[in-house]
Structures are given as structure tokens and as C-alpha cells.
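Dear colleague,

Please find below the structure that I am handing over to you, together with its sequence.

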Amino acid sequence: MRKQWELQNWTFVDGWVNTSTIVNEQGEEVPLVFNTRAEAQAELDDFMSTIEGQIESGEREPDHGYDQNDWRIREVGAK
């Protein structure tokens with residue numbers, strides 16, 4: 001089985017979890033995973049940049065952003 005990677009964020013109740021999902025070809029909601037760590041990092045970088053842009057433009061309140069330290073990239077199945 002090849003390695004896959006996921007974005008995890010820290011939640012108060014459950015700790016580190018992958019809260020990102022997509023809808024697959026069967027119409028099922030499934031966890032979002034990436035084939036490489038670099039793809040996962042690019043997705044996280046894009047997400048954080050989008051949030052920062054929304055704050056800068058006034059679309060999002062400054063206290064509704066995310067701390068980079070509340071996110072990590074982990075190999076699927078890694079403890």
C-alpha cells in the first residue's frame with residue numbers, strides 16, 4: 001500500500017483529527033487525503049493564504065483566523 005498524507009487540525013474535544021472531506025465518485029463523503037506530503041503542504045499553504053487574504057480584505061474578522069501551529073501533516077495511519 002502506498003503512503004498517503006492528510007491534514008490534521010487540533011480540536012479541543014478529539015485532539016488531532018482530519019476534518020477535511022471530499023465527495024467521491026459514488027457520492028460518499030470521505031476524508032481528504034493526498035498522494036504526497038508536498039501536495040498536502042501545498043493545500044495547507046493555500047488554505048492559510050486564503051484565510052489571511054480574507055482577514056486582510058475585511059471579509060473575515062481577525063479573530064476568526066487559524067494558527068499555523070494548530071495544523072499538521074501526517075501519514076495516514078500514523079500514530
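In this message a residue is called buried if its relative accessible area is under 20%, exposed if that area is over 50%, and partly exposed in between, using a 1.4 Å probe and protein chains only. By this rule, Trp16 is partly exposed, at a relative accessible area of 29%. The model is predicted, so local features need pLDDT of at least 70 and side-chain atom pairs count only at pLDDT 80 or more, whereas totals for chains, interfaces and linings use all residues. Residues are numbered from 1 along each chain as its sequence is written, and side-chain values use heavy atoms, with hydrogens and water left out.

Aromatic rings

Rings of Phe, Tyr and Trp (for Trp, the six-membered ring) form a pair if their centres lie within 6.5 Å; planes under 30 degrees apart count as stacked, over 60 as edge-to-face, and the rest as tilted. There are four aromatic pairs in the structure. One of them joins Trp10 and Trp16 edge-to-face, with 5.6 Å centre to centre and 65° between the planes. Trp10 is partly exposed, with 46% relative accessibility.

Phe47 and Tyr66 form a tilted pair, because their ring centres are 5.3 Å apart and their planes stand at 50°. Phe47 belongs to helix α1 (residues 37-57) and Tyr66 to the loop between α1 and β5, so this pair ties together parts that are 19 residues apart in sequence. Helices (H or I, at least four residues) and strands (E, at least two) are DSSP runs, numbered from the N terminus. Phe47 is partly exposed at 28% relative accessible area, and Tyr66 is partly exposed at 42%. Ring pairs also link Phe47, Tyr66 and Trp71 into a cluster.

Strands

Strand β1 (residues 5-11) has six of its seven residues buried, so the rest of the structure largely encloses it. Two strands pair if DSSP finds at least two bridges between them. Five bridges pair β1 with strand β5 (residues 71-75) in the antiparallel sense; here Trp5 stands opposite Glu75. β1 also runs antiparallel to strand β2 (residues 15-17), with three bridges between them, and Thr11 has Gly15 as its bridge partner in β2. The hairpin that joins β1 to β2 passes through three residues.

Ser20 sits in the loop between β2 and β3 (21-23). This residue is buried, at 19% relative accessible area. Apart from neighbours within four places in sequence, Ser20 is in contact (heavy atoms within 4.5 Å) with Val30, Pro31 and Leu32.

With kind regards
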